Amino acid sequence: MSRFPVAADQDIVVRVRDPEAVCFDFLIGDPARAGRGLGGAMIAEFCRQVLVVEYPDAPRFLAAPDARNHRSLGALRKAGFEQGWWIQPEAADYAEVTCTAPRGKFGPDGSTLGP
Ligand SMILES: CC(C)(COP(=O)(O)OP(=O)(O)OC[C@H]1O[C@@H](n2cnc3c(N)ncnc32)[C@H](O)[C@@H]1OP(=O)(O)O)[C@@H](O)C(=O)NCCC(=O)NCCS
């Protein structure tokens, strides 16, 4: 899992139009463990245990998988993310789908954090 504030990359700021968000990427390293329903829980726990703690001022978390990556989009949906803009980064060979969730979805023990 990697992460960085959207504001750290002006190209991404322009494309996703959410400079206050924190962007992250994810991967199940062992291919034998992919496709078994772990992805959604992994993303939700990463948001809860890492992003909420490391980025106390970020109102939203954002990931942008390749639009053809249905498994990644499904895992994000299961973690509580909603799809928004389709974007076309210069370095990417296909459109990406911005998926966003408010930090409030990731309170301790699954509870909702504040407004
Ligand atoms: C992306 C990744 C983390 C997802 O985790 P996962 O555990 O494999 O995903 P899941 O098995 O939980 O699938 C998530 C959902 O996607 C959907 N889904 C899975 N395969 C699908 C397919 N081929 N077509 C459409 N939907 C699909 C399902 O709704 C599934 O939910 P379900 O288990 O309730 O049926 C993992 O597959 C991975 O590491 N892939 C390689 C790297 C990668 O693509 N990273 C993302 C970069 S943005």
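## Model basis

This is a predicted model, in which local features need pLDDT of at least 70, side-chain atom pairs count only at pLDDT 80 or more, and totals for chains, interfaces and linings use all residues. Residues are numbered from 1 along each chain as its sequence is written.

Helices are DSSP runs of H or I with at least four residues, strands are runs of E with at least two, and both are numbered from the N terminus.

Five strands form an open sheet in the order S1-S2-S3-S5-S4, with mixed pairing. Strands S1 (2-5) and S4 stand at the edges with a single partner strand each, so one side of each is left without a neighbour in the sheet. From one strand to the next, the twist averages 30°. Axes are lines fitted to C-alpha atoms, for helices over the stretch in contact, and angles run from 0 to 180 degrees between N-to-C directions. Two strands pair if DSSP finds at least two bridges between them.

## Strand S5

S5 (residues 96-102) is largely enclosed by the rest of the structure, because six of its seven residues are buried. Buried means 20 or more other C-beta atoms within 10 Å of the residue's own, exposed means 12 or fewer, and partly exposed lies in between; C-beta atoms are placed from the backbone.

S3 (residues 60-63) pairs with S5 in the antiparallel sense over four bridges. Leu-62 has Thr-100 as its bridge partner in S5. S4 (residues 82-87) also runs antiparallel to S5, joined by four bridges. There, Trp-86 has Val-97 as its bridge partner.

## The S4-S5 loop

Glu-90 lies in the loop between S4 and S5. Glu-90 is exposed, with 6 other C-beta atoms within 10 Å. Its C-alpha atom is separated by 17 Å from that of Arg-68, 22 residues apart along the chain.
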